[in-house]
2 protein chains.
Amino acid sequence: MGALPRYQEIAGELRAAIYRGEYQPGDNLPQRVDLMNRYGVSKETVSKVYRVLEAEGLVQATRKSGTRVRRHPERLQLTRERTAYRDEIGYFFDLSAQHWRALGPVEINRAPAPGEIARLLDISPGTEVVIRDRVMGDPDTGRVFQLTASYLPADLVDELPVLESVDTGPGGIYDRIEEAGHGPLTWYERLSARAATAREVKLLALAPGVPVQRIVRTSTDPRGKVCEINAISLSAELHEIGYPIERHPSARPST
Amino acid sequence: MGALPRYQEIAGELRAAIYRGEYQPGDNLPQRVDLMNRYGVSKETVSKVYRVLEAEGLVQATRKSGTRVRRHPERLQLTRERTAYRDEIGYFFDLSAQHWRALGPVEINRAPAPGEIARLLDISPGTEVVIRDRVMGDPDTGRVFQLTASYLPADLVDELPVLESVDTGPGGIYDRIEEAGHGPLTWYERLSARAATAREVKLLALAPGVPVQRIVRTSTDPRGKVCEINAISLSAELHEIGYPIERHPSARPST
DNA sequence: CAGTGGTCTAGACCACAAC
DNA sequence: TTGTGGTCTAGACCACTGA
């Protein structure tokens with residue numbers, strides 16, 4: 001027996017075969033019973049093999065018709081602008097997602113701030129914040145594309161109760177915050193990724209093993225107080241974020 | 001019995017308890033035997049529960065001392081500039097990662113282009129390309145931070161054999177490509193994320209369930225030919241990519 | 001060296017989707 | 001209807017690691 005457990009070895013062989021192109025997207029992989037015989041292992045072990053590959057997003061199993069190599073969908077190019085625009089409804093940060101709308105009403109709750117958010121808001125973890133949750137998507141097809149959560153520190157909401165109401169008026173929370181003397185806000189975005197939560201898998205209809213891409217935007221007032229954090233989750237399989245690179249004078253073309 | 005399998009139900013309860021803060025980072029979760037008794041399930045089922053939570057990057061098991069809620073490391077802010085710089089060694093696209101160096105020699109191979117790369121190079125999948133693989137990291141600690149692969153179409157390498165050699169001279173492949181009449185190159189970057197491959201888990205020392213962030217840069221010559229694709233994999237847990245947002249005139253401050 | 005996680009089995013049963 | 005994936009068990013054994 002090698003250093004790796006049996007099921008990892010078998011997963012490795014199948015993975016390599018997929019990368020070599022022996023199994024093309026859409027092809028069926030050997031079914032459970034065949035692998036049991038071929039490698040002389042039990043059904044549970046074979047299941048473990050396929051669970052590993054499924055968690056990697058490589059294969060997809062359907063009852064009766066077998067386990068297939070996944071076809072990866074084309075990625076939607078999400079040209080994330082580094083510029084904030086504003087229209088009659090409010091602010092937007094994304095030219096290519098301009099037609100997405102909230103599917104259903106905003107959900108507003110008070111809850112302890114998750115660790116990452118507390119750190120960015122510069123409050124101690126577990127402190128209560130106001131959370132405005134939105135499910136965004138294509139209003140025509142009803143397809144969900146992103147989950148948005150807006151985190152507001154409790155002291156700011158006490159000062160500005162409108163932030164806890166469903167309709168925050170023209171220009172949305174940013175205009176209200178700026179009117180209350182916190183303007184002009186400056187924005188900063190951070191891009192990261194992590195494994196999907198159960199909620200994200202369900203709402204974004206993620207295939208097993210697909211991570212989410214995160215866009216976390218902080219809004220800071222001129223005194224340096226972080227007034228809001230806006231966290232977006234997107235399917236990492238469906239989206240990519242693109243931008244052109246400019247040449248610095250040090251990188252002059254040599255033609 | 002509900003709609004979900006038993007192990008998913010139990011995983012859900014533990015997950016919720018972690019989010020509620022009943023188990024803090026560093027705390028021990030109940031051990032296998034306790035959960036067997038509490039829920040009246042077998043050891044394999046309990047293992048499956050913890051395998052789910054581990055794949056989500058929520059918990060980490062160590063023999064003898066139990067299964068703990070993971071502490072997530074601080075993210076290294078990777079301020080990805082939108083500007084290409086150049087020094088005596090070559091081009092760089094990342095101010096904050098300037099001191100990273102190749103750990104070990106470049107590995108150069110000819111292999112069929114993976115689907116994603118073929119699409120960007122505008123060649124049919126499986127066409128042979130030249131791949132230059134590098135492992136980058138901190139030269140002092142030896143810690144690996146990113147895997148870099150540079151994909152070059154075979155016809156360009158036939159025209160410019162130096163692209164297949166280890167030392168490509170001052171300014172690297174970009175200067176060689178531009179000197180050969182393909183300059184000035186224009187660059188475009190795409191950010192995405194996906195589940196880690198086995199190689200990435202090993203080389204980047206990723207914890208189970210941690211995805212990789214991908215930065216894929218295309219270099220295009222003035223005639224529109226894509227001359228190179230540079231694909232970087234980073235631990236999504238360790239890095240985030242940040243940038244400030246500017247105000248468009250439409251988003252004037254309302255103070 | 002004992003305790004905990006990790007792997008594996010043989011066999012049972014369920015549930016869904018294609019036929 | 002039936003074949004396929006999916007779940008679960010009871011019990012065995014291994015392997016690492018912290019006291």
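Author: Two strands pair if DSSP finds at least two bridges between them. Strands (E) are DSSP runs of at least two residues, helices (H or I) of at least four, both numbered from the N terminus. With that in hand, A:Met136 stands opposite A:Gln146 in strand 9 of chain A.

Author: This is a predicted model, in which local features need pLDDT of at least 70 and side-chain atom pairs count only at pLDDT 80 or more, while totals for chains, interfaces and linings use all residues. Residues are numbered from 1 along each chain as its sequence is written, chains are lettered from A and ligands numbered from 1 in the order in which they are written, and side-chain values use heavy atoms, with hydrogens and water left out.

Reader: What makes strand 8 and strand 9 of chain A a pair?
Author: They share 9 bridges, in the antiparallel sense. The definition asks for at least two, so they pair. Strand 8 covers residues 128–137. The two strands form a hairpin with 6 residues between them. In that turn, A:Gly142 has a positive phi of about 80°.

Reader: Which other strand pairs with strand 9 of chain A, and over how many bridges?
Author: Strand 12 (residues 226–235) of chain A, over 6 antiparallel bridges. One bridge joins A:Ser150 to its partner A:Asn230 in strand 12.

Reader: Buried or exposed: what is B:Thr148, and how do you know?
Author: B:Thr148 has a relative accessible area of 10%, so it is buried. This residue lies in strand 9 of chain B. Contact means heavy atoms within 4.5 Å.

Reader: What makes the approach of B:Thr148 to B:Gln146 a polar contact?
Author: The side chains come to 3.4 Å. A polar contact is a pair of N or O atoms within 3.5 Å; within protein, one must be able to donate a hydrogen and the other to accept it, and residues adjacent in sequence count only if both atoms are side-chain atoms.

Reader: How many residues surround DNA strand C, and what makes a residue count?
Author: There are 22. A residue is near if one of its heavy atoms lies within 4 Å of the strand. A:Arg6, A:Thr45, B:Arg32, B:Lys43 and B:Glu44 are the closest. Of the atoms of DNA strand C within 4 Å of the protein, 69% belong to sugar and phosphate. By class, the surface has 4 nonpolar, 8 polar and 10 charged residues. Here Ala, Val, Leu, Ile, Met, Phe, Trp, Tyr, Cys and Pro are nonpolar, Asp, Glu, Lys and Arg charged, and the others, Gly among them, polar.

Reader: Which side chain has an N or O atom 3.0 Å from a base nitrogen of DNA strand C?
Author: That of B:Arg63. Phosphate oxygens are approached too: A:Tyr7 at 3.1 Å and B:Gln31 at 3.2 Å.

Reader: How do you know that the length of helix 3 of chain A agrees with its residue count?
Author: The expected span is 1.5 Å times one less than the number of residues. For 13 residues that gives 18 Å, and the end C-alpha atoms are 18 Å apart, so the two agree. Buried residues of this helix include A:Val46, A:Tyr50 and A:Leu53. Its buried residues pack against helix 1 and helix 2 of chain A and helix 3 of chain B, among others.

Reader: What makes A:Lys64 stand out?
Author: A:Lys64 has a positive phi of about 75° although it is not a glycine. Most residues other than glycine have a negative phi. A:Lys64 sits in the loop between strand 1 and strand 2 of chain A. Its relative accessibility is 88%, so it counts as exposed.

Reader: Why is A:Gly104 called partly exposed?
Author: Its relative accessibility is 47%, so it falls in the partly exposed class. A:Gly104 is in the loop between strand 6 and strand 7 of chain A.

Technical notes:
Buried means under 20% relative accessible area, exposed over 50%, partly exposed in between (1.4 Å probe, protein chains only).
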